[in-house]
Amino acid sequence: MVVVILGVLSAVVVFAVRGAGDKGELVAQNTDLQTVRTAEEAFCAQNGRYGTMDELVNGPTGKLLSEKSTMTDVAPVPGGACTGAGDESKSGFITGFARPNNSNATSLAKLRLAASKDMGRPTPFAWTRPPGYLLNSLMFDPLVWRDATGQPFPWLAQSWTNPDPLTWEFTLRSGVKWHDDQPLTAEDVAFTFNYIKPGQPGNATLCFCKISFPALASVTADPADPLRVVFKLNKAINTFMQDIAQGMVIIPKHVWNGVADPVNKTDASAYIGTGPYKMTTPADLSAYPVTTGVSAYDANTSYFLGTPYVRRLEYVAAADALTAVKNGAIDAGAPSFDESVSDTALASVSSLPKVQSPGGWNRVVHFNMAQGFPYNNVKFRQALAYTIDRNDLVTRILSGRGKAGSTGALAPSHPSLAPGLPEYARDVQKAKDLLDSLGIVDTNNDGKRECPTATPCKVVAGTPTAGVVTESKTPDNFIPNIHTNPNGSTATTDAIKTYLDDVGLLSAIVPDATPPASDARMTRANYAIGIVGWGNNQYDPDLLRSRLSDPWTSILANRSWRTVYGWNGTASSPTTTPGFATKAQEFIALADQQQVEPNKSVRKQKVLRMQQLVAEDVPQISLYVPDLLIYYRQGGFSAWYATPGGTPASPPSYYNKHVYVTGKQFGLPAGMT
Amino acid sequence: MVAGYVVTVWIVVTVVFGLPRALPGDPITASIQDASAVSPELRTMMERRYGLDRPLIEQYGSYLAGLARGDLGESISLRTPVATALKAHLPWTLLLVGTSLALSSLASFIAGVNAAWRRGSFDDRFSVVTMTGLHAIPDYALSIILVIGLAVTVPLFPLGGGAEPFTDDAPLVSRAVDLGYHLVLPAAALSLSLMATKFLILRSAMVSVLGSEYMVAARAKGLSERRLKYRHAGRNALGPFLNLVGIQAGAAVGAAIFIEAVFDYPGMTSLLLPAIGQLDFPLIDGCFLVLALLVLTANLVVDLVQSRIDPRTAG
């Protein structure tokens, strides 16, 4: 008995000591990070810019650090302003843990993460959602990638040049091999982009690159150099690096050539990439469990950047990621960026280390101006903007974990965010005055507003695929339907309804039966006011064009600008908004100009003006942008970062393969070139 | 009986085919998050591939023809044959539902017989109150209570999943133990939620049986208490109990949907819920058809057993 008791006690002591050690290491890391940040601020105060680690140790302003840090890396951004530590999303340098928790280790045996069920099959043509793309990117590489600096970063491409505005030349790294040991050549790159262009079988891919395809004239391999590939554009778009170079993974020509139905190619060869990992579970790759996502990936020991730091990635079932992290079932877990994470759930994991970053996804109210009065009148939309208290929503719905959406449509953390936009701070009286000016007033003294007889309001009902538009006439109360996704936030829609009640506008929240039904309603424009959640509003500001004026992408959840005004410059729907046509024309012109404007400051001015127009015309109201959160095991892998501007081809996420490959937040470790 | 079974199956097949297609939305948009990324060419190609471009009646005809050949079609969202998807998930649901039905039936039979035998005693009253309480708790709530109690607060059992992943090479015995370990909480939740009704029905039937004259006669013959309780009273109280087991096969499948979701158990729920969300018609058809056939088969088996135990119910 005594032996048993002693055994139990010793086990407790061992665990306790190990925990203390883990915590000690974490404290040491944080202390080192703060020291480096202080040194950077001192350097910047004297030099007007941030310095490299070398400069901090032996720089022009003396020895700010006694020796190079082994725990923290720095990455000064060229031209970055001295904005102060603690706000590094806008500052000119980034710090990060170098090889967290085990700075001398060259590898981490395993990371176990929560499997995502809703992401298709991770082949280049069958992933369906961003988590699926990220999984696909473990096995496949694009030409360039992004790390925690958010800047394009050589990946399959060793270097690139832009000899003239319409030409991009890429030189591939030498010695890169596909998982089946075939060499990667420029032919593969040219094949990839020719295989996915419109009219070709590969066009079935959901890659983000397709948004910029209209600007892509040709992609050809240099016959004289097997590592050189040339992209010719018919329009010098600013988003080439984001959309084309990062947006599509390169696929092997010897596997995909002649495949007529790539989406349904599920055999093992569909997973042959150049990527840092190979899927090893399930053993039969054609049996990949789409419904559970449970799978494992082992490091590609022949990877061109060296054997990845994390040697094995396991994705396991976890009904609740936070509880699974807490119980040690997984190493790290990011709760949904939606507001569905309760304070109670977060309190239960408050002892775990976490990383919190500004988000890009937003929940947004969209107006379909094409439905007519009053949605096509800016005063109505502004009235709703004045009555909806976005800061209150951040407090009530997000418990402060996020920001109110910008009225200019970009994420609040976006570097091109326009200053001084109309804020539409809650002002019930102003909202009432605007409604009064439209003749939407309470004529029968029931406390609720009715529409003017001369211009009856439209109410959109009906099924998602067959909308029915009726007119609400005096003395009927005007009750606009607000269509939502059934998985959307009922707390948010309830709050919106209450805000509208405050100005005497009765409204009806109409959730569709299923998310697909809601998608169908939005794509078919059978709504007048819709609340949806979407988007990476941290992308290149060209997103303003693609979301609000592009004929292809704006069909979802946007019936504004060009859709209302008409693609050919002729109004396709009556609008009673004075000056709308002028504004729409200006917005569309700016959208097209900024897409190809080579001068950064000129382009920024155009982007700022576009935001101003959006803020003034209110085609949408971005309600809030939740922060991103990831929790990880105490003492566990801690180099997580949310890629500024979004992980290539997908929204911001902590699951950027760069961190698994290098174990670092930016750059490549020594030995990886 | 068989003819009735066939007609029922046909009705089920028709309803299962028609209902998902009555839902608003379309599978092509639904299977892709960013619907704006679906080019017209891709949409046309996918609609042709899955036969969605044909009139509904034609689709129904080819669905029936496929069923006759044993072909359940191809899942739109999974891009695999529906039969393959079912093969991967159905065994988990069968394991959970089968185990729970068996456990709950055995436990409620023993508890019901004993409670009725000691009618009015503390044990009886305690059992009735407990079972009534259990009956009032929804199965998903029971699951959450078990997760919080025995997987989170006191982490005795795994949070979820059907087995420890990546252990395909482990010895058969340890894999079997692991399966059982992961099955404990979901099976407990389902068994507890199924037990109460059966207990109350059996206890009631048993009370009636205990007042019968043949029980007095049997007791007068000096038979042992155990023999009296189980062979004479228990067996004769089995009728309504067995009927309930048959009916509960359907309820158990329904409850398993919720319980699997809470425990992230890799059964039919992980197939069915996304299939509904993505309007994957062939997969929804396949799931519902198999589940309906399961329930029908369970009822058929119960009918056959019933007629064997009590010949009066045959025919």
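Among the contacts in chain A between residues at least 6 apart in sequence, 68% join residues at least 24 apart; two residues are in contact if their C-beta atoms, placed from the backbone, lie within 7 Å. In chain B, residues 24 or more positions apart account for 77% of the contacts with a separation of 6 or more. The structure is a predicted model, in which local features need pLDDT of at least 70 and side-chain atom pairs count only at pLDDT 80 or more, while totals for chains, interfaces and linings use all residues. Residues are numbered from 1 along each chain as its sequence is written, and chains are lettered from A and ligands numbered from 1 in the order in which they are written.

The two chains may be described by their secondary structure. Chain A holds 18 helices and 23 strands, whereas chain B has 13 helices and 0 strands. Helices (H or I, at least four residues) and strands (E, at least two) are DSSP runs, numbered from the N terminus. Of the 673 residues of chain A, 53% count as buried, and buried residues make up 39% of the 315 residues in chain B. A residue is buried if 20 or more other C-beta atoms lie within 10 Å of its own, exposed if 12 or fewer, and partly exposed in between, with C-beta atoms placed from the backbone.

The strands of chain A form sheets, two of which are considered here. Strands of a sheet pair through backbone hydrogen bonds, either parallel or antiparallel. Two strands are said to pair if DSSP finds at least two bridges between them. One open sheet has 4 strands in the order β6-β7-β9-β8 (chain A), with antiparallel pairing. Strands β6 (157–164) and β8 (216–221) of chain A stand at its edges, each with a single partner strand, so one side of each is left without a neighbour in the sheet. Neighbouring strands of this sheet are turned by 15° against each other on average, direction ignored; axes are lines fitted to C-alpha atoms, for helices over the stretch in contact, and angles run from 0 to 180 degrees between N-to-C directions. Strand β8(A) pairs with β9 (residues 228–233) of chain A in the antiparallel sense over 5 bridges, and Leu216(A) stands opposite Leu233(A) in β9(A). Across β7 (167–172), β8 and β9 of chain A lies helix α4 (residues 186–195) of chain A, running at about 155° to β8(A).

A further open sheet in chain A has 6 strands, with mixed pairing and the order β16-β22-β15-β21-β19-β20. Its edge strands are β16 (402–404) and β20 (508–511) of chain A, each of which pairs on one side only. On average, neighbouring strands of this sheet are turned by 20° against each other, direction ignored. Strand β16(A) runs antiparallel to β22 (residues 620–626) of chain A, and 3 bridges join them. Lys403(A) stands opposite Val625(A) in β22(A). Helix α10 (residues 390–398) of chain A lies across β16 and β22 of chain A, at about 35° to β22(A).

The interior can be followed through its nonpolar cores. A nonpolar core is a set of buried Ala, Val, Leu, Ile, Met, Phe, Trp, Tyr and Cys residues joined through C-beta atoms within 7 Å. The largest has 174 residues, of which Leu313(A), Ile330(A), Ala332(A), Leu190(B), Met206(B), Ala252(B) and Cys287(B) touch the most other members. Helix α8 (residues 172–210) of chain B gives the most to this core, with 16 residues. Not counting residues up to four places away in sequence, Cys287(B) touches Met268(B), Leu271(B), Leu272(B) and Ala275(B). A second, separate core of 60 residues includes Val365(A), Val394(A), Tyr499(A) and Leu548(A).

Finally, chain B itself is divided into domain 1 (2–68) and domain 2 (88–313), with bounds that come from an automatic or database domain assignment. The C-alpha centres of domain 1 and domain 2 of chain B lie 34 Å apart. Their contact takes 16 residues from domain 1 of chain B and 11 residues from domain 2 of chain B. On the side of domain 1 of chain B that touches domain 2 of chain B, α1(B) gives the most, with 9 residues. Helix α7 (residues 139–153) of chain B contains Ile148(B), which counts as exposed because it has 12 C-beta neighbours inside 10 Å.
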